[in-house]
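I set out to record what I looked up in one structure, entry by entry.

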Amino acid sequence: MARRSAAGRGRDTAVVEETAAPGRALASSVDPSWDLPEPTGPRGRARGGRWGGSGGRWWVWVGRAVLWALIIVILVNGVRAPFERFTADESSGGGTSPAKPPKSAGFPSSAAGAFALQFANVYLNFDQKNAPAREAQLRTFLPDGADAQFGWNGVGKMQVQSVQVAGVDARDANNATVTLLARTADRWLRLAVPVYADKSGSLVVSARPALLPPPTKAQLPQGGVDDRDTALENELKPFLGTFFQEYATGNQEALSRFSDGTTIAGLANSVTFVQVKDVVAPKGPDGERTVTATVVWQPAGGGGGELEQAYQLTMVKKGTTWLVRDIRGTTEPNAS
């Protein structure tokens with residue numbers, strides 16, 4: 001160990017120079033931050049270089065930890081995103097077979113309904129005086145080799161006034177039963193017509209039809225409006241009387257004075273207004289109500305006959321005046 005002279009250094013103390021141990025020399029060369037701090041002046045400031053004490057080392061490790069956390073997050077998200085897309089594709093149908101279409105898919109229901117309607121107009125009208133004409137007309141609808149009169153014995157007479165399609169029940173892509181409603185002079189008939197459709201869309205009546213009971217009459221629920229606003233009904237009745245007079249003529253200029261900005265077309269003199277027979281207004285908000293009005297009309301060309309009809313009106317109040325926002329037929333049972 002050699003000692004240097006302290007001469008020429010003023011008040012500084014002598015510095016002992018030693019030969020560093022091999023282990024320390026290696027550590028110092030690997031990580032300079034472990035260098036000993038340089039001597040400081042009288043006020044504690046470093047005389048040169050940087051301080052590499054334990055506080056600086058702590059911040060280095062914090063920085064490294066944050067960096068590694070960021071790298072891990074990036075890697076995890078990079079792996080998870082394609083995995084989630086892959087599993088989402090599988091759950092939406094990529095890995096499972098799509099839902100099978102119903103067996104009736106592909107059957108031409110609209111065309112079959114029209115076809116059965118035309119058939120029924122021939123089938124349900126017969127007259128023994130014109131049997132050959134009926135036979136010729138039926139050939140269009142029947143399969144080859146079918147009975148020419150399709151079950152009629154050639155005797156008597158029958159005539160229907162109207163026929164409508166009530167529904168099409170498709171059993172598969174080729175077969176369906178078309179239900180028709182027909183009206184004779186004194187009764188309703190319901191007729192089930194089996195129809196076959198091939199791949200090209202061609203149609204044929206595949207078997208003999210069947211008469212079924214007509215639809216039964218439904219019973220309306222008990223009710224009506226229990227809590228009525230009689231004061232509002234009395235207020236609206238003269239207003240609606242004037243409104244429906246203009247509604248009968250379809251006068252747009254006049255109707256605009258009763259409207260809440262919506263266009264009301266009117267009936268263009270197809271009827272003559274007689275009276276507003278009744279107004280039903282349930283209690284509700286002061287500024288808007290939905291009311292039902294029973295109106296009496298005389299249809300044009302009806303010879304003085306009168307019809308009572310029910311209308312549903314959405315009314316809004318602007319200041320002290322009620323206006324019509326919407327008018328349509330009512331759907332409320334026993335509303336008037």
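The entries below follow the order in which I looked things up, and I note at the outset that the model is predicted.

**Entry 1: the nonpolar cores**

I began with the general expectation that nonpolar side chains tend to be buried together in soluble globular proteins. I then looked up the largest nonpolar core and found that 27 residues belong to it. Phe-119, Leu-180, Val-193, Val-195 and Val-205 have the most contacts inside this core.

**Entry 2**

β5 and β6 are antiparallel and are paired over eight bridges. Four residues lie between them, and the two strands form a hairpin. As one example of a bridge, Gly-167 has Thr-179 in β6 as its partner.

β6 also pairs with β7 in the antiparallel sense, over nine bridges. Here too I found a hairpin, with four residues joining β6 to β7. Ala-182 has Leu-189 in β7 as its bridge partner.

I returned to Thr-179, a residue of strand β6. Is Thr-179 buried or exposed? Its relative accessible area is 18%; the cut-off for buried is under 20%, so Thr-179 counts as buried. Not counting residues up to four places away in sequence, Thr-179 touches Gln-164, Val-165, Ala-166, Gly-167, Arg-190 and Leu-191.

**Entry 3: a sheet of four strands**

I turned to an open sheet in which four strands stand in the order β10-β11-β12-β13, with antiparallel pairing. Which are the edge strands? They are β10 (271-280) and β13 (321-329), and each of them pairs on one side only. From one strand to the next, the twist averages 35°.

Within this sheet, I looked up β10 and β11 (residues 288-299), which run antiparallel and are joined by eight bridges. Phe-273 has Trp-297 in β11 as its bridge partner. I then recorded that helix α5 (residues 230-249) packs on the sheet and touches β10, β11, β12 (307-318) and β13. The direction of α5 makes about 160° with that of β10.

**Entry 4: aromatic rings**

A pair of aromatic rings is described by the distance of the centres and the angle of the planes. How many aromatic pairs does a search of the whole structure find? The search finds 17.

I examined the pair of Tyr-123 and Phe-150. The ring centres are 6.5 Å apart and the planes stand at 80°, so this pair is edge-to-face. Because Tyr-123 lies in helix α3 and Phe-150 lies in the loop between α4 (131-138) and β4 (157-158), the pair ties together parts that are 27 residues apart in sequence. Tyr-123 is buried, with a relative accessible area of 18%. Phe-150 is also buried, at 5%.

I then looked up Phe-243 and Phe-244. Their ring centres are 5.1 Å apart and their planes are at 70°, so this pair is edge-to-face as well. Phe-243 and Phe-244 are both buried.

**Entry 5: Ala-268**

Finally, I looked up Ala-268, which lies in the loop between α6 (252-256) and β10. Is Ala-268 buried or exposed? Its relative accessible area is 59%; the cut-off for exposed is over 50%, so Ala-268 counts as exposed. I recorded that Ala-268 and Asn-251 are 17 residues apart in sequence, while their C-alpha atoms are 7.7 Å apart in space. Not counting residues up to four places away in sequence, Ala-268 touches Tyr-247, Ala-248, Thr-249 and Gly-250.

Technical notes:
Residues numbered from 1 in each chain as written. Heavy atoms only, no water. Core = buried A, V, L, I, M, F, W, Y, C linked by side-chain atoms within 4.5 Å. Buried < 20%, exposed > 50% of the residue type's maximum accessible area, 1.4 Å probe, protein only. Pairing = 2+ DSSP bridges. Contact = heavy atoms within 4.5 Å. Axes fitted to C-alpha atoms, helices over the stretch in contact; angles between N-to-C directions. Phe/Tyr/Trp six-rings, centres within 6.5 Å; stacked < 30°, edge-to-face > 60°.
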